Amino acid sequence: MQPKYKRVLLKLSGESLAGNETHGIDFETVLRICRPIKECVDMGVQIAIVVGGGNFWRGRSSGQMDRTRADHMGMLATTINALGVADALEQLGLTVRVQTAISMQQIAEPYIRNRAVRHLEKGRVVVFGCGTGNPFFSTDTAASLRAAEIDADIILKATMVDGVYDSDPKKNPNAVKYDTLSFMDVLNQNLQVMDSTAATMCKDNNIPILVFSIDQPENIKKAICGEPIGTIVKEEEQ
Ligand SMILES: Nc1ncnc2c1ncn2[C@@H]1O[C@H](COP(=O)(O)OP(=O)(O)OP(=O)(O)O)[C@@H](O)[C@H]1O
Ligand SMILES: O=c1ccn([C@@H]2O[C@H](COP(=O)(O)O)[C@@H](O)[C@H]2O)c(=O)[nH]1
């Protein structure tokens, strides 16, 4: 398999890091997810990663808490995950830098765009923590923002479903999967697989998103090599 893309933004679902558990990090699972990442870096692909926080905390599900504070907790959760992923990648022999959108300089670099790009050019993996650094956003939006900033070829959204369906497949067993969609389809049909802010950012900056299942981590390599998996969301061709 040969890589199709030179620089990718990989969005890893937080939930996927829990393996068979409902919460937290299962490090063996994280290592399994990181092995194909290592293979792709060895093939010369530049990989930046945004990690979700759903295995620990989602601000929008916090009930009666103040939303901003709940989102601060969610951003900290993404940073715990970023450190876990960085550790696994390092154990596999990669050089990694964690950059956070909220400064916590004793444990990670602050997010500096040019520095992130330089790390990628040197073959280092960059893992972004704290999402965008702002409440009321998601790590999908962080992925679209960072992808635009670092000029990534594509966002690879590795998640708990194997693509985008006409309705949530976890709620509707008869949901039908799409192979290709436009961002307008996602927005007009209100498909909840990513939030509308993320979809709009990708649309405006013409960054495609491939949504695929992380259940089989080798899908990461298949996605990077352009094999037909998941659902590709991209701008309509004129
Ligand atoms: N139309 C749809 N097609 C596919 N999945 C959908 C759809 N609508 C809702 N979903 C849900 O979206 C989920 C994926 O997005 P979600 O934001 O929950 O997780 P994530 O971004 O991968 O990361 P995290 O686990 O960190 O929150 C799927 O598990 C699925 O149940
Ligand atoms: O830019 C951001 C990104 C994330 N958050 C908070 O973190 C959690 C976890 O992220 P997921 O995308 O849901 O996995 C999210 O629910 C928010 O509470 C944020 O505030 N800003």
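Student: In what order do the strands of the open sheet run?

Tutor: Keep in mind that this is a predicted model. Its open sheet has 9 strands, ordered β4-β3-β5-β2-β1-β6-β8-β9-β7, with mixed pairing.

Student: Which strands stand at the edges?

Tutor: Look for strands with a single partner. Here those are β4 (109-110) and β7 (180-182), so each has one side left without a neighbour in the sheet.

Student: In what sense do β1 and β2 pair?

Tutor: Parallel: β1 (residues 7-12) and β2 (residues 46-51) are joined over 6 bridges.

Student: Which strands does helix α2 touch?

Tutor: Helix α2 (residues 67-91) packs on the sheet against β1, β2, β3 (96-100) and β5 (125-129). Its direction makes about 165° with that of β5.

Student: At what angle do α1 and α2 pack?

Tutor: About 60°, with the axes of α1 (residues 27-42) and α2 9 Å apart. Angles from 65 to 115 degrees would count as roughly perpendicular, and α1 and α2 are therefore oblique to each other. The crossing is right-handed.

Student: Which residues of α1 and α2 meet?

Tutor: From α1, they include Phe27, Val30 and Leu31; from α2, Val85, Ala88 and Leu89 are among them. The contact divides into 8 nonpolar, 2 polar and 1 charged residues.

Student: And how many residues surround ligand 1?

Tutor: There are 20, and the closest are Ser13, Gly14, Glu15, Gly52 and Gly54. By type, the shell has 7 nonpolar, 8 polar and 5 charged residues.

How values were computed:
Residues numbered from 1 in each chain as written. Chains lettered and ligands numbered in written order. Predicted model: local features only at pLDDT ≥ 70, side-chain atom pairs only at ≥ 80, totals over all residues. Near = placed C-beta within 6 Å. Nonpolar A, V, L, I, M, F, W, Y, C, P; charged D, E, K, R; others polar. Pairing = 2+ DSSP bridges. Helix = DSSP H or I, 4+ residues; strand = E, 2+ residues; numbered from the N terminus. Contact = placed C-beta atoms within 7 Å. Axes fitted to C-alpha atoms, helices over the stretch in contact; angles between N-to-C directions. Parallel < 35°, antiparallel > 145°, perpendicular 65-115°, else oblique. Left-handed = near helix turned anticlockwise from the far one by under 90°.
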